[in-house]
Amino acid sequence: MINENIFNKKKKIGILSIFCFSLAILAENYEIFSGEWQENGNVKRVFDSPMGAVYKFAPSTPYTCYSYNDPVSGKVHPADCKCKYCRRKESDRGDIKGSLQFNFLKSSQMNKRFVVLDFKVRTYPALSKKKSSDSQFFVIRSDKKNIGSNYLDLNGMLRVISSKYSLFHTTYRIDILRNSLFRFSGIHYRPSFQPLAMRWIFDTSTGHNQIICYNEEKEILLFAEELITSGDPIEIRSFGILTQRKGSDNKFREEYLEISDPVVRQFNSSSLLKKLPPLRFSPYPYTSYASFLNKDRRKLNAEQSWRKLRGHDNPDLQYAAALQYLYGSGEERDVYRGLELLERAAEEDHVLALYELGVCYYRGYGVLPDWERAIKNLKSAAAYGYPAAAALQAQVVWEQAHRPLFMSSLLRRELEDILAHGTVNDHDCCVFRQFFTVGILPVKEMSPKRLVSVNYGKELRKRYLGRDEKESAMQFLNHAISAGYLPAFLLKAVSLRWLTQPNAPVQEAWVNREITNSLEQGALAGDAGCTVALLADKARNGKLASLKFTPQQRLQFGDDPIYLFYEFAAANPAYPGIAEFIREEYDRAEEIWQKQKTPTAELLLGLTGWIRWYPTPFRYDNLTQMDEFIKLRTAAYGHLQNAAEAGIPDAMYLTARQILNDDIPLQRRIGSQDYGKFQAKSLLEKAGKMGHLKAILRLVELDSENLSAGTSSLKNMLQPVLAEKYGPAFLVLGKIQERERQYAEALQSYRQAAEYGEHRGLRELARLTAAVSGKSASRQEWNKFIDADRRKRAQDMYDVFWPSREYLEWEYSSQAGGEDPDRAAILQEAEKTSRQVITTTDPEELKEEMKKRDAHERRRQRRIKRLN
């Protein structure tokens, strides 16, 4: 009876213990350690920053942790072993010149099963001459409370190249065959000079499934290390960061790193792994830099802040302040102070400041536009590995060529050479490339400007949503419209029929109504492309007679072949071929006009030849299609040239415009460039005498630039254009008056130019106000111009600029989870430069590969045994 009572009592105690243990597991939470990095040796905390601090590192002697066992044979060497491997391990011990350390575990404390290190790191964009945006550093760990200056204090180190891959070394056992097994997931995305959120996860009880996260990318080392003695877990008490001299010859920027404070979590339950805070990429918070101007947190007035900024030794802080002076919303905006701070930061090799200076000289923010100086600054920034600078440099070169319709092979090669400094992931590079390349571009950095390169959003879906959700093919188009991107109305109208594929009369009628509604909304909002495309839509719907055209519209849209064609069609609806073209019987209309062989028919052939590829934005599906459209453009230009020779005013103006822009097909070039300009001026004079207002304006611009006519005669020539209240005409008038030193009249003309829609009038107004009344009087005018110019650039589908973008928010609906071609290319490169062998991510294939490797290892061990 006594024994039975004792047994029942023990049973109850056992059940109670199991119950309490289960509750303890369920109630377990993270044990969190946070604090600051401690500088050890030759590491100096240089600046405080919104992300943490900028540190200056003294590179340490190159060294790699050596495993407890021979990585090839698996043999454990005795302490007094003098073999080649052990001699090298002893001779390569090296010294740690300086490191950051975080000692999170006291001597009396023990590791739990899982240990997680979180921090952010960023390649500091200044104070380095290294022509790279990549940094290389080593994250180290130790079982000692304090890491000294000897590498032998370490028990593991992770080599990290900021834009590429990592390589782990341990002092514990490794199995060379299984150590090289990886599994990847997420998106490889590490943009230049932006924060890299890092996470390092250890399973101290096994050493397996070590997880390394970079932003939203996860890399799992399936068998990173093996325990030396079964049941004796890996011990981690300290983490640290150091740099080494290895590979420092212009490959990596490793002297200055910006690093956040570390956070270490440890816990026992594997279920808590899934509950870790997710890593998300977020752009650098430059708007938060202002609070770091004063360490004592005293409130400074505008002048006190300016004096401190000018003399501050942190170029990144100066760059952040420059952005606020240029683009901020407060009363303290000052373009001149912004430019001075950018110049000061650029003197310290601040890559982003060099880029922003390129923007200012390209657009004329606080200075006269100087495209050569803009290219110089952008080229410098691109040489440091900043891809957006390469994209903008390519755009400036393209603008210098007047956005050519007939791009020469020489210009194409020049643009390709410039973009070689960019990356396919960069938003600006993708926006510029989308009209000149074939194939699908990545969607890691998105904005409405990417609509063309992603097939108008047909294949896109929002990330972080359920995989089974049915999302509209129009989602991204509607998203772009809601973001205020006016060309999205035109893109929606162009792509609606293709996206919906109507197959019934009712559906066809609905699509037609939606196309008209989209164009009407875009035209009402002020999009020029929609206004012109609406003419074609109304003509197709039988409303050609209702179209009304004015001289002011002709000035505004007189460069657009669609406008010119439908203006002619409305005035001559019965002209042969017009009805056929409107019904989209293009080949039939072309056949009719070719048979006529009249000047008017030549004009129509030229206009409609351009209409079939312009201005509808699209990307080429293949190189053959690109070549076909180039041939079509060339033929259209030939017809326009024939019409110009026959005396058609519109044809004379368009031909002269192309000659002056030096943008004509190679086979149509006659004589020298000077002869071409003489020919163009002759065509403009003839068209001007026939009342062509745009020809008159262009002729006045030419004579004003070349000083080939008196200012009085130029003003008289401008009068019919000024009467139509056309903004660019007032801009030209202001420059003529300024040349006559009629500054008050010139200021008024610039104001009128801005009032009538020419935003460059604001720039000339600010510039002349500064010259006449001083810089302080012109600040508000500069602010108005900069804001107007940024709005103008944002609505230009051929400009790379968009004020904000979405990072990793969209994906292709056809893209399989975990696939990333960029990572595949990087891993292929890593395979050539390290002993790591990259394998499949598929679990079944991975299991099969493990079996093969195990069989190979057994055979190898048998061979070694026989040899011994």
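## Helix α13: the buried side

In helix α13, the buried residues are V511, I515, T516, S518, L519 and G522. Around the helix axis they cover an arc of only 160°, so they sit on the same side of α13. Please keep in mind that this is a predicted model.

Among the elements that cover these buried residues of α13 are α12 (487-500) and α14 (528-540).

## Helix α13: length and surroundings

Helix α13 runs over residues 505-525, which makes 21 residues. From its first C-alpha to its last it reaches 30 Å, close to the 30 Å expected at 1.5 Å a residue.

On the face turned away from the buried side, you will find the exposed residues P505, V506 and L524. After α13 comes G526, with a positive phi near 105°.

Now to helix α7, formed by the 13 residues 371-383. Its reach from first C-alpha to last is 18 Å, close to the 18 Å expected at 1.5 Å a residue.

Which residues of α7 are buried? They are A374, I375, N377, L378, A381 and A382. Seen down the axis of α7, these buried residues fall within an arc of 165°, so they line one face of the helix. On the other side of α7, E372 and K376 are exposed.

## Helix α7: its neighbours

The cover over the buried residues of α7 includes α6 (351-363) and α8 (387-400). Following α7 is G385, whose phi is positive, near 95°.

Notes: Residues numbered from 1 in each chain as written. Predicted model: local features only at pLDDT ≥ 70, side-chain atom pairs only at ≥ 80, totals over all residues. Heavy atoms only, no water. Helix = DSSP H or I, 4+ residues; strand = E, 2+ residues; numbered from the N terminus. Expected span 1.5 Å × (residues − 1). Buried < 20%, exposed > 50% of the residue type's maximum accessible area, 1.4 Å probe, protein only. Arc of directions from axis to C-beta. Contact = heavy atoms within 4.5 Å.
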